[in-house]
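Morning, everyone. Let's take a quick tour of one structure. Please look at the screen.

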Amino acid sequence: MTQTARLAVDIGGTFTDLVLQLPDRSLSAKVLTTPDAPERAVLKGTAAVLEQAGLAAADLALVIHGTTLATNALIERKGAKAALVTTEGFRDSLEIAYEHRFEQYDLYMERPEPLVSRPWRLEVPERVAADGTVLLPMDEVALTMIGETLAAGGIEALAISFLHSYQNPEHEIRAREILSRTFPASVIAISSEVCPEIREYERTSTTVANAYVLPLMESYLRRLEEGLRALGSRAPLLLIMSSGGITTVETARRFPIRLVESGPAGGAILAQLIAAQSGIDRALAFDMGGTTAKITMIDDQKPQQARHFEIARAARFVKGSGIPVRVPVIDMVEIGAGGGSIARVDPLGRITVGPDSAGSMPGPACYGRGGTLPTVTDADLVLRWIDPARFAGGHIDLHPEAAGTACRETVATPLSMSVEQAALGITEIVTETMANAARVHAVENGKETAGRTMIAFGGAAPLHAARMAQKLGIHRVLVPVGAGVGSAHGFLGAPIGYEVVRTRLVPLTAFDAVMVNALFTEMRAEAEAVVRLGAPDALLREVRSGFMRYRGQGHEVPVVLPDGPYGTDGAERLRATFETTYHGLYGRTIPGLEIEVLTWTLSLAEPKPLPARIPDPAPAEAPAPSGWRRLMDPGTGAEVEAAIHNRAALPPGARIQGPAVIVEAETSTLVPQGFQAGPNAAGHIVIERTGR
Amino acid sequence: MRSPLGEIEIQILWDRLLSVVEEQAQTLVRTAFSTAAREAGDISAGVFDMQGRMLAQAVTGTPGHINSMARSVVHFLDAFPAATLKPGDVLITNDPWKGTGHLFDLTVVTPVFLEGRGVALFACTTHVVDIGGLGSSVEGRQVYHEGLYIPLMHLAREGRMNDDLLNIVRANVREPVQVVGDIYALVACNEKGGQRLLDMMREYELADLEELGEQIVSRSRRAMAEVIAKLPRGSWSASMIIDGFEAPVTLAATLTIGEDRVLVDFAGSSGLSGYAINCPLCYTEAYTAFGVKAALAPWIPNNTGTLDAIVVTAPENTIVNAPHPAAVYGRSLIGHMLPDVVYGCLNQTMPGTVPAEGTSNLWNLSLVAGHGLTGTGGTGTRAFNVTTFHSGGAGARPRQDGLSATPFPSGVRNVPVEITEAITPLVVWRKEFRRGSGGPGRQRGGLGQRMEIASRDDAAFGIHARFERGVHPARGREGGGPGATGRLGLGSGAALRVKGFQRIPAGDRLIVEMPGGGGYGDPLARDPALVARDVRYGLIEPDQAAEHYGVVLHQDGTPDEPRTATLRAARAAR
């Protein structure tokens, strides 16, 4: 028989989610993550979901996997004992970082410790200039001695990062050859392969982070592959990357750093699929869970992409306080705002929420596990937006009186407010914090939030989405079906793809079409070698972009370039594309300035058809509410009588008027006064404003 | 008192204003040309009400612009009263005394109108790459040497750019394209801020910012007053001697904690320098206020209410209150030192809270080549002009080591070596921690850096040196020792001065050794395990372990505890 079952697996911090997609239906399973050997949970869940479907592992056609293993190893500092080999005179670059205080007013600020401590940052006499010329040949004898030192020191992984290697990688390649005499080549990462981009600190940081997680990911992926084979699966295993593309195990083993944040990427892809299905051209994905919220812009059904990301930011999610990595990522802003975020009153008498979270232990005060500080969930409960009897499918008993006490003691009493006003203040502030982050994120990318459709998922989002939308000038919110296992669903919609990058500074006045065409040919070959492993026969789609700027500017603007090859009009075509993009971002172009391209990228993917638009359903009668609840309306702050509806009982096309709450197992959707809501043909709840 | 929901609304609008100015600042960073703005974040951005009160300011790289830009809007309104401004008008200046302290900083102010009525002013400042005159040199003797001086004037009238001014700028600066590009960036960032503010006002149906502004200013003032009320009343004095240019400079301060204000007076400080290291009062005020606020109330957002609680005075014709026509290009040499003097005062009344002295002054490298500077070949002398931002070690904190290669009080960032090398013929052969430069202490001072730079061209290049702590080091606190002094020299051996223009001959290298921060507490009380680590990591010289810290190490590098105890006891008895 032909295999048609596709399995998606997402390992999260608490749960491992699995979705099995069959031609006619899909099944899901949730098992507890097993942090010491994550493949155990995967294999257990796989067996369970297959059994549910009455299938054998041999029936699997494809397994798509995303994991936060690499991210967690970096956050918890549980990676390999790694070393760095670098250009003489530059071993401290990794620690000197940006020579920057990321907290302007904090006299007691601390920088994160580098992943490789100073004794294991070793220097080689060698030097390449900015144009690729060798200024000092590499001292191979010194390198041989370094190899011996590393072997004797019990080093498990190695990063090699030399100055200007993005321009001329020969020294790095030769260094790997020499060091692989004393060291397995499979655990050596070189910067000209991991991140061939200008700016030494960020390139080195990315390469070191890659080396740091190499052995761990290599062994995990091997065990997982063996385990799946032992179950009887012959399906290829593919990995989801932070860019939202999927790749083979071979590539994931060499560049595990590209797997960071693959879970959130899955969420963004889910939002992309829903945007396509629902015909939304300008969407904003809003994912709010227990500890953080994430926001992504999705234009024309493509999530916004970036090439820079920071892992393990210091407690306050402060920019510049984490480990920078330059890899393709779905661009999202992450805020320390979730159901468990703690509320306090600052010395100015202002309510602050987060970024710290009560987590699951002790958890919000209403969990009754010893937490005494009020959280967003406590405030939600005081406002009676949550039914204490059915929170998280009824698995967690909530104690409304503990929530009230926490809100009173920490917020209401110091500010001389009622408990309800304090709770409303907490939810208002957390929503405002998220909205502000979304707005700044949008402006940094030359975009607007107003007029978008919000796609809200994650346990806490459906309660706060409508109010957040109001603050962002958004009139329509969509709460998808089964948002609880969103990321795994998203994996199934991801294309096989890969992106490569090169830094070559090219002023348009000196545009050399032959050189640029050759560069893209080389990049295409590199990308194709990776993509063909997973998509041997597909017709591939290529997208080129240039990171361009006016000569003298420090920040480049990503510009989608016209298809090549380029002829004599190449410079003119690039100029026109740049000016259009720049104008779109900043509202003006600057006359008479020279334009240059610093970095070039090429992404190659199998074209993945997005789901077709589902027509709007015919209007349907809404059933009578299953009950009523008095609660505080988020917009007006007034106490209102809200209708309670079961999500499952609402037919597509039915509309109900706010104030109302739509309840389901994992979450509740709050429909404030002035809004109406109901399922569309695909079952996603659409919330719309009916008036101010 | 308004209703509690109004209470929350005020908070939300306040947060929103902070996010508006953050967007304004981001727009500037992303569109700016000068490395100071785009790589180092040397900018400021803020929103003001129509009386010129600053309501919110972006947290950017430069405390130096804080008070100065805040005050400058008042000067603009004096020259161009609010009632005379029209939609599309944009104002500009680089007046050191009415702007932010030297000609390199351009300040642009844009009024915002709602339904035809002026509701707010947006202001922003950036440091441009060049302003003509002597360039990045502290050798000017009067402000007239220092380049183009733009008095308070219109940059645009009702949407039309002042092309005459732009042409004068182009003709007077070495990098006309970049400087004019930066002027456009300043205009764009105010426009962005204005749009966002109007969005907010429409959403919340605000006709003006009067009520909100009043609330922000009065609450911040009250919060500062509450912080100050908890401090012991009194006056404390401190002083610090720094290298200066032609003679050492004394910076002296008396800090008085009053009922609801902190007063800092700089009487006793040195008179003016004949060179460009003089500091206008606006800039003195800026760094003093930053230092006080970082120590007392870092969490209160910056606005007129906050700043009014810190009153800074200085006698005229001193180096901290330099009048026109004193040369002021290098005013940051003085300004960056002022928090250290303030902390000398605060340490007496709030012991255990403030850091030891640090390098404080930035060690930015302004490297140049060109006709008349490094050669006489006319256009045949390859020209470049680049400034990279660098820092020595910061002072140790009461419970933490000082940060190495990190600026304080400035908050700028460095420029990657690969970027500098891509746009100049320079090669940086070394950029690393300078071993042993951190001041000894229970908490060690931060380390400086050592850099070695050469040119790939067979030609000389030059440095506009303007460095401090070359003779007088950053002092330790509470028994901590001083950081190493900074040095400038040639690879061939000769020493260079830490101030003034000097040539690096063809084929030679420039060696830069940046100072370390002061230590905190008795070095003999430092945890021997940390001393052992510092030796193992190469952060201190092996002989410093015994010499400074009284720690004896075993052959394997671990502390020999009995011998350490004996040595420390002997030291303590001395």
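Start with strand 12 of chain B, residues 365-369: four of its five residues are buried, so the strand is mostly covered. Buried means 20 or more other C-beta atoms within 10 Å of the residue's own; exposed means 12 or fewer, partly exposed is in between, and C-beta atoms are placed from the backbone. Strands are DSSP runs of E, at least two residues long, numbered from the N terminus.

A word on the source. This is a predicted model: local features need pLDDT of at least 70, side-chain atom pairs count only at pLDDT 80 or more, and totals for chains, interfaces and linings use all residues. Residues are numbered from 1 along each chain as its sequence is written, while chains are lettered from A and ligands numbered from 1 in the order in which they are written.

Which strands pair with strand 12 of chain B? Strand 13 (residues 384-388) of chain B does, antiparallel, through five bridges. There, S366(B) has T387(B) as its bridge partner. Strand 16 (residues 461-466) of chain B is also antiparallel to strand 12, with two bridges. L367(B) sits opposite I463(B) in that strand. Pairing requires at least two DSSP bridges between the strands.

Now strand 10 of chain B, residues 262-265. V262(B) and V264(B) form its covered face; L263(B) and D265(B) form the uncovered one. A four-residue hairpin links strand 9 to strand 10 in chain B. Those two run antiparallel, over four bridges. Strand 11 (residues 310-313) of chain B runs parallel to strand 10, again with four bridges. L263(B) faces T256(B), and its bridge partner in strand 11 is V311(B).
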